[in-house]
Amino acid sequence: MKNNKIALLPGLSLFLCFCLLTGTGKLAGRFGGSAPLIALAEFVSFALPLVLLVFSMRDQKKLRKRLQSRRMRKGILGLTVRLGVTVAVLSLFLNLLVYHLAGLVGADLSATPLDAPQSGLSMTARFFIIVVLSSVMEEVYLRGTLFTVHEESVGTSACLIFSGLAFAMLHGSIMNFAGPFLAGIAYAYLTYVSGSVWPAVLAHGVNNLYYVFVLWITDTYAAFGIWSYFAAINALVLLLFLYLTLRELETLLTRGCIPHFEKSAGLYDLWLLVRNPGMLAFFLAFIAKLILNRVF
């Protein structure tokens with residue numbers, strides 16, 4: 001019975017999280033989309049699945065260690081900030097590319113998976129909800145807890161890919177899938193090499209802060225053709241920070257400051273994570289939302 005619960009609850013927690021993100025987001029939008037309602041919806045959507053997920057853990061010592069606040073090891077802070085900027089800019093370019101290939105104009109600039117309008121929020125509310133609250137709640141649930149649960153049974157590479165897949169599916173959109181998939185893998189990797197979820201929270205916050213900046217600059221200067229200059233500047237920023245991130249990562253690996261991957265069975269490990277009924281329900285809910293969004 002214990003083993004069945006351990007296998008089932010992680011997938012069910014993702015299904016619950018997806019349903020809450022969709023349902024509470026719609027309700028918050030229906031009742032005016034005020035900042036307190038959106039903040040409450042974001043908190044509830046991740047807090048309840050988090051509680052469910054904790055019950056699935058065999059040993060909570062590693063979870064407490066992952067969530068414990070402590071000083072980052074040498075080099076981790078630099079890697080975190082650089083990776084956060086790299087992921088933010090690269091995710092936006094992937095988003096723009098998908099829209100271009102689909103023959104659409106613009107991009108999906110929603111920085112959180114919550115299905116609620118964010119354009120009407122004040123700058124202060126955007127910072128608190130999008131940069132602070134969502135970064136903490138999403139990372140504590142996805143990387144701090146779910147990633148830790150999966151590490152109990154499978155290898156690192158499968159956990160990283162699954163973390164990216166789950167994060168992308170929670171966003172509930174094919175058009176905004178590639179960016180969150182990449183970001184989910186990056187944040188999970190930071191959690192793994194640092195032994196703590198807080199570098200991932202910081203990198204996620206950097207990413208969301210960048211999106212808040214993009215929302216502000218497009219709202220303010222869209223009429224002046226900002227996109228033509230903005231894309232070129234961001235391409236230079238991406239190349240610079242990608243180089244700095246890879247250079248820092250190479251240095252840390254060479255010095256033995258961060259661990260290499262644990263042995264993994266590859267695709268079989270990934271299959272072990274996606275085969276449970278809870279994950280199947282999550283996948284079907286994701287497909288249903290895609291169909292409904294297309295029809296309506």
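Analyst: A residue is called buried when its relative accessible area is under 20%, exposed when that value is over 50%, and partly exposed in between. The model examined here is predicted, and every value below is computed from it.

Cys19 has a relative accessible area of 35%, so Cys19 is partly exposed.

Which bond might one look for between cysteines? A disulfide is a covalent bond between the sulfur atoms of two cysteines. In this model, the count of disulfides comes to 0. Cys17 is in no disulfide, and the cysteine sulfur nearest to its own, that of Cys19, is 9.4 Å away. Cys19 likewise is in no disulfide, with the sulfur of Cys17 as the nearest cysteine sulfur, at 9.4 Å.

Phe46 lies in helix α2, which covers residues 35-54. With a relative accessible area of 0%, Phe46 is buried. Setting aside neighbours within four places in sequence, Phe46 is in contact with Cys17, Leu21, Pro113, Met137, Glu138, Tyr141 and Leu170. Sequence separation and distance in space can also be set side by side: Phe46 and Gly32 are 14 residues apart in sequence, while their C-alpha atoms are 21 Å apart.

The C-alpha atoms of Asn207 and Tyr141 are separated by 18 Å, and the two residues are 66 residues apart along the chain. Asn207 belongs to helix α8, residues 198-221. Its relative accessibility is 8%, and Asn207 therefore counts as buried. Beyond its neighbours within four places in sequence, Asn207 is in contact with Gly84, Val87, Ala88, Ser91 and Tyr187.

A further residue, Leu249, is found in helix α9, residues 226-254. Its relative accessible area is 19%, and this is under 20%, so Leu249 is buried. Leu249 touches Leu79, Tyr189 and Ile258, not counting residues up to four places away in sequence. Leu249 and Leu79 are 170 residues apart in sequence, yet 6.9 Å apart in space, C-alpha to C-alpha.

These details may now be set within the whole chain. How many helices and strands does the protein chain have? The secondary structure comes to 11 helices and 0 strands. The radius of gyration is 19 Å, close to the 19 Å that the globule rule gives for 296 residues, so the chain is as compact as a globular protein of that length. Along the principal axes, the C-alpha atoms fill a box of roughly 60 × 45 × 35 Å.

Burial and contacts can be stated for the chain as well. Of its 296 residues, 48% count as buried. Among contacts with a separation of 6 or more, 82% are between residues 24 or more positions apart. The contact between Leu249 and Leu79, across 170 residues of sequence, is one of this kind.

Finally, the surface may be described. The protein chain exposes about 14,500 Å², and carbon and sulfur atoms supply 70% of that area. The chain carries 23 positive and 13 negative charges, and their mean positions are 5 Å apart.

Technical notes: Residues are numbered from 1 along each chain as its sequence is written. This is a predicted model: local features need pLDDT of at least 70, side-chain atom pairs count only at pLDDT 80 or more; totals for chains, interfaces and linings use all residues. Side-chain values use heavy atoms; hydrogens and water are left out. Helices (H or I, at least four residues) and strands (E, at least two) are DSSP runs, numbered from the N terminus. The radius of gyration is taken over C-alpha atoms; the globule rule is 2.2 Å times the number of residues to the power 0.38. Buried means under 20% relative accessible area, exposed over 50%, partly exposed in between (1.4 Å probe, protein chains only). Contact means heavy atoms within 4.5 Å. Accessible areas come from the Shrake-Rupley method with a 1.4 Å probe; for residues, only the protein chains shown count as cover. Lys and Arg count as positive and Asp and Glu as negative; His and the chain ends are not counted. The place of a charge is taken as NZ of Lys, CZ of Arg, CG of Asp or CD of Glu. A disulfide is a pair of cysteine sulfur atoms within 2.5 Å.
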